[in-house]
Amino acid sequence: MINTLENDFIKIDVSSQGAELQSIYHKKYSIEYLWQGDPSIWPRKAPVLFPIVGKVKNNLYTYNQDSYTLPQHGFARDHTFLLFTSTESSCTYRLHHSEETLKVFPFEFELDIIYSIEGATVKVAYRIYNPSEKNEIYFSIGAHPGFRCPLVEGEKFEDYYLEFDKAETLNRILLDGGLRGDETELVPLTNNKLPLTVDLFGPKDAIVVPGLNSERISLKSNKSTHGLHFNYKNYPWFGIWSKPGPFVCLEPWMGVADDIHSAGEFAKKESIQKLKPQSEVQYSYSMELF
């Protein structure tokens, strides 16, 4: 089922499948900003990554001496969410633990994904609640929205760049089979700008970096005035990815893939989040279209 939020500036569509954005459309500019999921390149559009980000080594992990299996990025993106609340400008989707999820993730949870629009800005919030009366939970969560690049007909991927709002040293962690390897590589910036090229990705996969100073990354073109500001705060990891193809993903993460030396203990996983019984936490980001 698709739910639509619309105002004078923008219209967004959200699917109950994975509570995933399906469209971010600017009405005045007649521009679709969200990647439309070409199955021959990358079939998804903006999946939520929960309860892990990236891979656990061999798709296996242990908790309390029991072993569990999880695929890359977890299971939330493949489950149907309940449309819990909906107004003209916001909607909330909810996913609960179930017998099925407890077989692969031994924790009770309540995950809300909240979308709202204000002017030409789309806001996304994640709320995780631990309903257990006695057990803490461990989890990771991350965003994975893909944006069309180019946005404007007649332009190409290489006409675009990412601009960071603060000075950065992008020392990417090179991936080894989807896991964090031992090697790093400096990604050069010019005046806080990263030109987008196919060679940035390809066999090297995503640009994965810890601890950015910036709280805004802007997707801009050298040939037109259209783009977006991607705003986030207090995420310990950030990913930038393309297939490569005519899109780019901007991904704030509360967690990260295992490294190649991981022993698989879930509670000791890098950047794992911990939530006490009957408590909740929220994370958010926004996309401002121009």
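**Notes on the predicted model**

1. Let me start with alanine 19, which is buried, with a relative accessible area of 1%. This is a predicted model, and alanine 19 is worth a look in it for its backbone too: its phi is positive, about 45°, although the residue is not a glycine. Alanine 19 sits in the loop between strand E2 (10-15) and strand E3 (20-26).

2. Asparagine 191 also has a positive phi, here about 55°, again without being a glycine. Its place is the loop between strand E17 (179-187) and strand E18 (193-195). Is asparagine 191 buried or exposed? With a relative accessible area of 65%, asparagine 191 is exposed, because the cut-off for that class is over 50%. As background, most residues other than glycine have a negative phi, and most peptide bonds are trans.

3. Two peptide bonds deserve a check by eye. The bond from phenylalanine 50 to proline 51 is cis, with omega near 5°, and proline 51 lies in the loop between E5 and strand E6 (60-63). The bond from cysteine 149 to proline 150 is cis as well, with omega near 20°; proline 150 belongs to the loop between E14 and E15.

4. Glycine 154 is found in the loop between strand E14 (146-148) and strand E15 (160-164). Glycine 154 is exposed, at 73% relative accessible area. Its C-alpha atom is separated by 9.7 Å from that of lysine 223, 69 residues apart along the chain.

5. Now the overall picture. The protein chain has 1 helix and 25 strands. Its radius of gyration is 19 Å, close to the 19 Å that the globule rule gives for 290 residues, so the chain is as compact as a globular protein of that length. The C-alpha trace spans about 55 × 45 × 35 Å along its principal axes. Buried residues account for 54% of the 290 residues. Of the contacts between residues at least 6 apart in sequence, 65% join residues at least 24 apart.

6. What about the interior? The largest nonpolar core has 76 residues, and Tyr115, Ile128 and Ile141 have the most contacts inside it. Apart from it lies another core, of 13 residues, including Val53, Val208, Trp237 and Trp241. Isoleucine 141 touches residues from several parts of the sequence, among them Val48, Leu111, Ile128, Trp253 and Tyr283.

7. Tryptophan 42 is buried at 9% relative accessible area, and tryptophan 241 counts as buried at 12%. Elsewhere, ring pairs link a cluster that includes Phe50, Tyr61, Phe105, Tyr138 and Phe266. Finally, arginine 94 lies over the face of phenylalanine 84, 3.7 Å from the ring centre.

8. My last stop is asparagine 231, in strand E21 (residues 228-232). Asparagine 231 is buried, with a relative accessible area of 17%. Which side chain does the side chain of asparagine 231 meet in a polar contact? The partner is the side chain of arginine 216, at 2.7 Å. Asparagine 231 also touches Glu215, Tyr285, Ser286 and Glu288, among others.

Key. Residues are numbered from 1 along each chain as its sequence is written. This is a predicted model: local features need pLDDT of at least 70, side-chain atom pairs count only at pLDDT 80 or more; totals for chains, interfaces and linings use all residues. Side-chain values use heavy atoms; hydrogens and water are left out. Helices (H or I, at least four residues) and strands (E, at least two) are DSSP runs, numbered from the N terminus. Buried means under 20% relative accessible area, exposed over 50%, partly exposed in between (1.4 Å probe, protein chains only). A polar contact is a pair of N or O atoms within 3.5 Å; within protein, one must be able to donate a hydrogen and the other to accept it, and residues adjacent in sequence count only if both atoms are side-chain atoms. Contact means heavy atoms within 4.5 Å. A nonpolar core is a set of buried Ala, Val, Leu, Ile, Met, Phe, Trp, Tyr and Cys residues joined through side-chain atoms within 4.5 Å. Rings of Phe, Tyr and Trp (its six-membered ring) pair if their centres lie within 6.5 Å; planes under 30 degrees apart count as stacked, over 60 as edge-to-face and the rest as tilted. A charge sits over a ring if NZ of Lys or CZ of Arg is within 6 Å of the ring centre and within 35 degrees of the ring normal. The radius of gyration is taken over C-alpha atoms; the globule rule is 2.2 Å times the number of residues to the power 0.38. Lists of a residue's contacts leave out its neighbours within four places in sequence.
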